[in-house]
Structure formats: C-alpha cells, structure tokens
Amino acid sequence: MSTFSGINLTSKALAAAQRSMEVTGQNIANANTPGYSRQRVDQTESVVGEGGIWARRNIAGDGVEITGISRATDAFVDARQRQDAATSAEQQATAKVWNDVETGLGEPGSASLTQRLTDTYKSWSDLGNAQGSDAVSSARTTVLSRSQAVVDTLKGLDESLTQQWGNLRDNASVLAEDASGTAARVAELNNTIRKALNTGSSANELLDQRDQAVNHLAELTGARVVQRDGGMVDVYVGNAAIVTGDRSETLSVRNPGLTLAQAKGAGAQALQLQVGATAVSPDSGTLRATLDAVNTTLPGVSGKYADTAQKIADEVNAVYNPAGTAGGDFFAFDATKGAGGLSVLVAGTSDAQFADSTPGTVDRSIAKTLGQLPENPARSPSTSWRSTVTSLASSSQAAESRADLAASVALKSSAAREAVSGVNLDEEMTNLVAFQHAYSAAARVLTSIDEALDTLINRTGLVGR
Amino acid sequence: MFSRITNRSIAVGSMTNLQASMNRSNKLQEQLSSGQVLSKPSDDPVVTNNSIQYRTEIGVQEQYGRNNLDGQAWLNSADAALQDSVKVMQRVRDLTVQAANTGANDTTARRAIAIEVDSLKENLLSSANTKYLGRPIFAGTKIGDVAFDATGAFQGDAGVVARRVGPNVDVAANVSGEGAFGDDGATFAMLTDLSTALKSGSGAGINDFITKVDTGLGLLKDSLSTVGARTNQLEALKDTSDARVDSLTDSHNDITAIDLPKTLIEYNLQKTAYETALASTAKVIQPTLMDFLR
C-alpha cells in the first residue's frame, strides 16, 4: 500500500463510472436500431494480490476493474425468433400467392366466368326459341359472341395465372441472389469477428450485424445456424452448408428458364434451389413458398382451369355434334395450351355453318338441349367451375389464417427477444443516474484524499512557526 | 411470467394492434361501400359456393320465364288462327245447309254459294299458314315457308315445338297442322269437293257434306281447346318460375348482401375502438423516466 494508492483506486472508479455512462449512451443511441442488443459493462472488485511479507490484514481492496462489455442475448430465444420469422415469411408469401390467384377470379361477381356461362346457356335457349331467319341469325350471333366471351374469360384467367407464375419464377432467382449476397456477408462478418475477438477487442456491434444477416437468410431459406469456435457461425440450408466459417457458397436457381407447361406437363420438371451444384430444398422461408408456388400450387390451379375448359368443350360438343363428325364440333380444345386452348370452331351463322337443329328440321333441339345444360349438375360446366372456385377459396382462406397465426407467433417470439435484448429507456436512465452518482462520489473521494494529502504535505511540520 | 418490457416492444405492440384494428375497420368499410359481404371468394368459401349456385339457378329460372313467354306467344298466334278458322268453317256449314235446302233447279244460287265456299277455303288456307316471327305455326318442325300448299296438301311434319318451362317440364307450343285441318289437309280437300259438288249438276249429295263439315269443325275446336289448356298451363308455370326467381334472389341477397344496421353498428364500434386505441397509445408511448428527472 503506497501513500497514493487511494488516488489510483478513485481513478479506476472514475474510469468505470465513465465507461458505464458511455455504454449507457450507446444503448440509448441504439434504442431503436433494429437487431441491437443492449450492452452492459462487466466489472468486478479488484483485489490486492500482495502476500508474504507484504501481507496486511487491514487493507482495503484495490478498487474496481472492468472485465469487458457484454451483450444481453439468449441463443435459444434468438434461434426461436429466427425460426418463427422464417415460418411467418413462408406463410405470408404463400398467402399472397393464393390471394393473387383468387383476386383474378372475379368470383362471385357480374364479370365472372359463372355469369358468362349462365349468359351462354341463356343465349342457347333463346336460339332454341328463335324462328324466322332474322331472329335465328341474330340468336346465333349472340350464342357465338357469348361463347367467345367464355373463351376470352378463361384465356384471361390463364394468362394472368401464367404471368403470376412467371413473376414468381423470376422472383426465385432474385431471392436466391439475395441469399447468396447475404451468405457472403455472414462469411465476411465471421472473419471480422474472429479477428476482433483474437485481438481482444469488443465485437458486440459486429455480432448484432451478423445476427441480422443470419435472420435475413433464415427468412429467405429457413437457414439453420451452428456455432463454431472463434465466435464464428456455420449456416445450413437443408443439408448443405452455405456458410462455413469465413467461406460462403453461391445459391442459385436450377432451371431458371422453366415454363409453366413444363412445370405441369407429364414428367414435370421443377424449379430447384442449388448450393453450388447441389440441389437443396429450403426448410421454410420465402424461397420455399416461392418454389412451392412455382412447382405445385400454380400448375395445379392452371390444371383446374384447363379441366374447366375441357369440360365446357366436351359437354357442348357432345350435344352439338353427337355423331362426332370431324370438324363438326362447336368448341376446339387444345390441351397443351391449358385453359387458353379453348376456341370457338363455328365460323358463321348460316344454316350450313351452324348446326342447332336435327338435320332436315328447324326444331332447334340442339340449341334447346344446350340451354338446358345447367339443369343437370353432373354435366353442367358451371358445377365443375363452382367446385374449382370453392376449393381455391378454401385453400386461400386456409393459407391466410396460417399466415395470420404464423405472424402472431413470430411477433410473440420477437417480443421475447426484445425482452432479453431490447433497450428500456427507463432502465438506462436509472443506470445513468446511478453511474453519475458513482462518478460524483468517486470524485468526492479523490477530493478528500487530495485534501488529506494537502494537509499532510503542506501543513505538517509547521508546529511552532 | 415476468418479462422485461422495453419502449420499443411497447411501440411495436401498439403498432401491431393499431394495424389490426385499422384492418378490421377497412374490411367493414369495404363491405359498407360495396354492399356485399364478400370481396373475394376466401372471405367465406361456403357463401361463395352458394352464391355461384344461386346465380346459376336464377339464370335457369329466368330462362324458363323467357321460354314460357315465347311459348305463350306461339299459342296465342295458334289461338287467333284457329278462332278465325272456326268462324270460316261455321260460315261454310251455314252455306252448306243453305245449299242443301236450295231447290234442285236453282243452279245459279248453288254456283254463288260455291264461289263463296272457294273464297272461304282461301281464307282457311291463309289462317292455316299463319306465321309467328316468319315461321308457319302449323308446320311442325319441318323446313319450309308454308304449312299447306295452294292445293291444301300438308307440307309440314308432326314435330313438336317444345318449350322448356320448368325443371324437366317441356310444353308443346304448337298444335299439329294435320290435327287441326285433317290428315294431309283433309278439310281443304273436302271443301274442294264441296265446291265441285255445288257447281255441278243437281246438288244431290250436298246433305252428306254437312257431316263432313262438322267433322272438320270438330277437329278445329279440339285443337282450340288444346291450345287453351296449354296456355293455362304455361301461365301457371310462369307464375311458378317468377316466384322462384324472386325467392332465389331473396335468398341470394340474404347470404351475400350486408346487414346494413348490423354492419354500421359494428363499424362504429370499430371506429370507437380504434380512436380509443390511438388515444391510449399516445399516452402510453410518451412518458419515460426522462420526463420526471429534473
């Protein structure tokens, strides 16, 4: 113990209080920074390590020592938040796909396919009633234009679906690129963090940034994180590592030029995510939702549209051309083109071009029978369309409620993370007051020691002067 | 469980709740402005399903009504034509009776009667060739412009012009030409014979024609009553299909249109809740310890 050890002690106390105030300032500054984890100064009382002949019994400690600045995080809570956010991102993306599909339907409404079909049945019935060449030819024109409206409506549905599919397919590549970039950034941060930790400096802010990047990767691909030595993390998508220490792999999309016809044709091809050259399937996240939509959901919907077109063509042709004469059909349907492959074959309204009666009569029995199509649920195209719409609606509703649920779960786990790592301004203010008082008190101790020394140095030995 | 609450988590929580509240308001506003419960199928797949079914069914029933009116128009034309024909035949009967009572030597009088019968035959032929919208109503379903040619021979067929006026209910809107005017226009042939008999010789055998004219008249009257019965049937069915359209439209509106008072009240409740949430959020977010430290 030297005469000046007290000054040394207060100097440490002042430094600790000051550092604590600085960290509080950092916390307050980042109170609203996404992904920021609050920090604390770790300090411990300093002990005098003197022994042997220097050992004294009546000696105070050696003040306070700062051991480091720690980050308030909980690996378990972080992992859960990451997983829940990934699930939520996947469900949101799926719900959006369904929402886009059903918005295009226009059901139920006056511009819907249901209405178009009903109008067509009516026009057939009117033709069935029509007599006299003027009335017949105008009734036939109406049948043709209403049937064309059905064809156009189906074509429009199929086109908007194809467009949506194309957008999603391109989106997959963009997302994969985003994931690649983010993986590279994680690897880079891994490297920086290792260096920082090796040189003994604080890597707290870098760790926060890396957590953010990893979370983004998880939202894209449902990536899993494994801690490794040197403060680094490895990131896995499916069974493939996309980040190993300071190295990252490239994510890309296999078959980026896929077409909808290929995706739903026989021996369907699929859009796949690949790490390097290895195909992987993302566990969750936006990419998984996008790939599912491109490979399964939208081809399925497109198939249902095509089934409806096929049904319309089959049922109308069966009545219109019962003998199956070549070229005598009302509708042509090209299955390879999906719902857009439906077209009206009848070219004009003359008796030779338009077969609405039993040959040799004007009974219009064919037109009448076609007008009665909706009476028979088993044969009515409206019935099969109705079940398609209902099943799309149910799928969409289910996707939406799953998305809502996943969003609220993600919100809860993000709140749980916030509870561990978030900055509470009241707490920081309280700490600030405490640190400020500690600082003032330490300064006061210094002043008293100073005064004591002043007394010792300047006022001793003056007796009798 | 005690958990740390931070200013940010309060802000995020408040924001989420405000968003949810606003979303509900938006949904109600959408319903109020459109007047429809559904804005997209997934709002309620069951209602969507029923709505499509109702729309199709309403279309079918409306078409029954249209077919029915067309059938009635056909029958009305047939009715008018047959009424005229009955009048013509009654006049023929009067003349035949008159001719039968004319003295055996009064050839001039019989000749005059014969000329009138000829012209009455033409009238009858024109009634028998009555057209509705350019289509001869007694020609069945055969292609052609007339039901009976100038000689009175039948040119049509026995085809039925049926109108679908209810589920699986087809009503014939025409009556057979042969049913009304005899097999292969027998009535016309009989009138020709009558005229020939009147013009030639003594006038013997004219008496026999009275029965034959009565047979022709009987055929017309039978057809007329058939037309009347069918018209009645169609009128009754029209009422049925109209009532069905009304009830289907009602049911459709019941499930797809909003309950205005209920939705308005819900909207106001939602608005109040939203405003309360805004006010309380403003109060909760503001204060921190800073406000109370000197």
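**Figure 1. Chain A contains 10 helices and 11 strands.** Welcome to the whole chain, shown here as a predicted model. A box of roughly 150 × 45 × 30 Å, taken along the principal axes, is filled by the C-alpha atoms of chain A.

**Figure 2. The inside and the surface of chain A.** Of the 465 residues in chain A, 45% are buried. The accessible surface comes to about 21,600 Å², and carbon and sulfur atoms account for 52% of that area. Now look at contacts between residues at least 6 apart in sequence: 70% of them join residues at least 24 apart.

**Figure 3. Strands E7, E8 and E9 of chain A form an open sheet.** The order of the 3 strands is E7-E8-E9, and their pairing is antiparallel. At the edges lie strand E7 (251-254) and strand E9 (278-280) of chain A, each pairing on one side only. From one strand to the next, the twist averages 45°.

**Figure 4. A closer look at how E7(A) meets E8(A).** Strand E8 spans residues 272-275 of chain A. E7(A) and E8(A) run antiparallel and are joined by 4 bridges.

How values were computed: Residues are numbered from 1 along each chain as its sequence is written. Chains are lettered from A and ligands numbered from 1 in the order in which they are written. This is a predicted model: local features need pLDDT of at least 70, side-chain atom pairs count only at pLDDT 80 or more; totals for chains, interfaces and linings use all residues. Side-chain values use heavy atoms; hydrogens and water are left out. Two strands pair if DSSP finds at least two bridges between them. Helices (H or I, at least four residues) and strands (E, at least two) are DSSP runs, numbered from the N terminus. Axes are lines fitted to C-alpha atoms, for helices over the stretch in contact, and angles run from 0 to 180 degrees between N-to-C directions. Buried means under 20% relative accessible area, exposed over 50%, partly exposed in between (1.4 Å probe, protein chains only). Contact means heavy atoms within 4.5 Å. Accessible areas come from the Shrake-Rupley method with a 1.4 Å probe; for residues, only the protein chains shown count as cover.
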